[in-house]
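Have the model open as you read.

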Amino acid sequence: AYAEDRLVQTDDAATIRDRHAHHFHTVALSGGRRLLADARLGAQFQFDRANITTAAEWALTNHDFVLAGELLLGGFPAYDGYGHAAEAVALYERCITPLTDVDRELADFLRCCAILSLTALEDWTAIFDIAAQLATSPDPRARCLANAFAAVPMTLLSHETARELQRQAAADLVIAQAETPGSNTDIAASVLRWSRAVPMAYARDYRSALEVLSEEVIDFSALDHVAVTDVTRTRDTATFEILIGEPEIALAILASLDFGQIAYHYGEPNEVRTLAYLAMGQLDTAIEHLRVHARGCDGRHENPSEQ
């Protein structure tokens, strides 16, 4: 421990940590600054979450909040995808306040990531608080995503308020499509479509929910960036097909995903595939499918040797 402490105090150690942080920053931002990181990075970062955290901590120590924020923005799938949402929220919070006056776009993108993490934690109060913060954001994409997500749990409390949040989200989407068309605006649009469908599913009107989700079918083969919300929509669409008695269609929908064995909290398709097999009466197939994928779905494994 003494030798390690001495090494940390040397200039060489600082140089190594700088290189380490910038290496992971380059990987995390390989697709540019996105409202939500590419879900496929979850596979790449599955065993590098500790590296991303260490790099972000080092950047925060040096008050390089932009470096830390972009690391966490790109590294989002490593946390939320594998059961570390609370850790992610704590790191976002350390970046958001100092970034708000320096890089408002990055601060607001991190707020959007925090909303997704808080959804996994079912911390609705915190979600409403962040959505309120984003109400004054100059970025209509962030405002749209925040209101769309907040509308879903609000449906359980006040239908009128939820509808107003969706109206605000829709208005902001129109602005975003006019001012900043592109993948980040497409992400916001996808989230808004999902938020319109989920309350229908809460009311067990699965066919109406499917109609909303089917207005725009996601073609994963044509996407250069796959947001986790795209996977969520696909998973939910398949789930609703099972609930109306169409498990074969559900399996066909899930086949569009190229995520294989990646366990992803918001978009894990393997649980839904298992339900589809059960609905088709294929118990042995369902058990085998569940057995193969279950160990990788609980987020406990930190490296391949432990699996």
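Predicted model: local features only at pLDDT ≥ 70, side-chain atom pairs only at ≥ 80, totals over all residues.

Residues are numbered from 1 along each chain as its sequence is written, and side-chain values use heavy atoms, with hydrogens and water left out. The whole-structure search turns up 2 aromatic pairs and 16 salt bridges.

**Aromatic pair**

- Rings of Phe, Tyr and Trp (its six-membered ring) pair up if their centres lie within 6.5 Å; planes under 30 degrees apart are stacked, over 60 edge-to-face, and the rest tilted.
- Phenylalanine 149 and tryptophan 194 have ring centres 5.2 Å apart and planes at 45 degrees, so this pair is tilted.
- Phenylalanine 149 sits in helix 10 (residues 140-154) and tryptophan 194 in helix 12 (residues 183-202), so the pair ties together parts that are 45 residues apart in sequence. Helices here are DSSP runs (H or I, at least four residues), numbered from the N terminus.
- Phenylalanine 149 is buried, at 6% relative accessible area, and tryptophan 194 is buried too, at 12%. Buried means under 20% relative accessible area, exposed over 50%, and partly exposed in between (1.4 Å probe, protein chains only).

**Aspartate 172 and arginine 143**

- Aspartate 172 belongs to helix 11 (residues 159-179), and arginine 143 to helix 10.
- Both count as buried: aspartate 172 has a relative accessible area of 9%, and arginine 143 has 14%.
- Their side chains are joined by a polar contact of 2.9 Å. That term is for a pair of N or O atoms within 3.5 Å; within protein, one must be able to donate a hydrogen and the other to accept it, and residues adjacent in sequence count only if both atoms are side-chain atoms.
- Leaving out residues up to four places away in sequence, aspartate 172 touches Pro140, Arg143, Cys144 and Asn147. Contact here means heavy atoms within 4.5 Å.
- With that same exclusion of residues up to four places away, arginine 143 touches Leu134, Ala135, Ser137, Pro138, Asp172 and Ile175.

**Salt bridges**

- A salt bridge needs a side-chain nitrogen of Lys or Arg within 4 Å of a carboxyl oxygen of Asp or Glu.
- Arginine 33 and glutamate 105 meet in one of these, at 3.1 Å from N to O. The pair links distant parts of the chain, 72 residues apart: arginine 33 is in the loop between helix 2 (11-28) and helix 3 (41-45), and glutamate 105 is in helix 8 (residues 104-121).
- Arginine 33 is partly exposed at 22% relative accessibility, as is glutamate 105 at 32%.
- Arg33 and Glu105 also belong to a network of salt bridges with Glu70, Asp103, Asp139 and Arg141.
- Arginine 94 bridges to glutamate 57 at 2.9 Å, N to O.
- Arginine 94 is partly exposed, with a relative accessible area of 41%, and glutamate 57 is partly exposed at 29%.
- Arginine 235 pairs with aspartate 236, their closest N and O atoms being 2.8 Å apart. Arginine 235 is buried at 18%, and aspartate 236 is buried at 11%.

Definitions and conventions: Helix = DSSP H or I, 4+ residues; strand = E, 2+ residues; numbered from the N terminus.
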